Amino acid sequence: WRSDWSVTRSGWKLCLEHMWQLESGPCTQLGPCISSPNFPNAYGNNKECRIGVPSGMMKQIAVEAFNTESIFDVLWVNGVGYHGESSPDGIMPTS
């Protein structure tokens, strides 16, 4: 996930039954959920987080909230960018 230098929003919170981990960046992991920095308040400019999914651990993402700056602040799952209010709810992450 990466935000740019301009507009910020309330961010996102994703949950996925203990199968992923926050690898780097200022995002927050609490149990099976990972959220953008400062969620539910606005995340900062120029932030980046990396989330890892162990191979073979296939479960769908449950999105509890998703609101980023359209086009510029993007969460990538399986090579697809999600932004604005378009979330990866129900997607099975493979990378």
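**Exercise 1.** Cysteine 27 and cysteine 49 form a disulfide with their sulfur atoms 2.1 Å apart; state which hand this link has, and where in the chain its two ends lie.

*Solution.* The term disulfide stands here for a pair of cysteine sulfur atoms within 2.5 Å. The torsion about the S-S bond of cysteine 27 and cysteine 49 is 100°, and the link is right-handed. Cysteine 27 lies in the loop between strand E2 (21-24) and strand E3 (28-30), while cysteine 49 lies in the loop between E4 and strand E5 (50-52), so the pair ties together parts 22 residues apart in sequence. Strands (E, at least two residues) are DSSP runs numbered from the N terminus.

The model is predicted, with local features needing pLDDT of at least 70 and side-chain atom pairs counting only at pLDDT 80 or more, whereas totals for chains, interfaces and linings use all residues. Residues are numbered from 1 along each chain as its sequence is written, and side-chain values use heavy atoms, leaving out hydrogens and water.

**Exercise 2.** Characterise the disulfide that joins cysteine 15 to cysteine 33.

*Solution.* The S to S distance is 1.9 Å, and the torsion about the S-S bond is about 100°, so this disulfide is right-handed. Cysteine 15 belongs to strand E1 (residues 11-15) and cysteine 33 to strand E4 (residues 33-35), so parts 18 residues apart in sequence are tied together. Cysteine 15 is buried, at a relative accessible area of 10%, and cysteine 33 is buried at 11%, where buried means under 20% relative accessible area (1.4 Å probe, protein chains only).

Technical notes
Helices (H or I, at least four residues) and strands (E, at least two) are DSSP runs, numbered from the N terminus. Buried means under 20% relative accessible area, exposed over 50%, partly exposed in between (1.4 Å probe, protein chains only).
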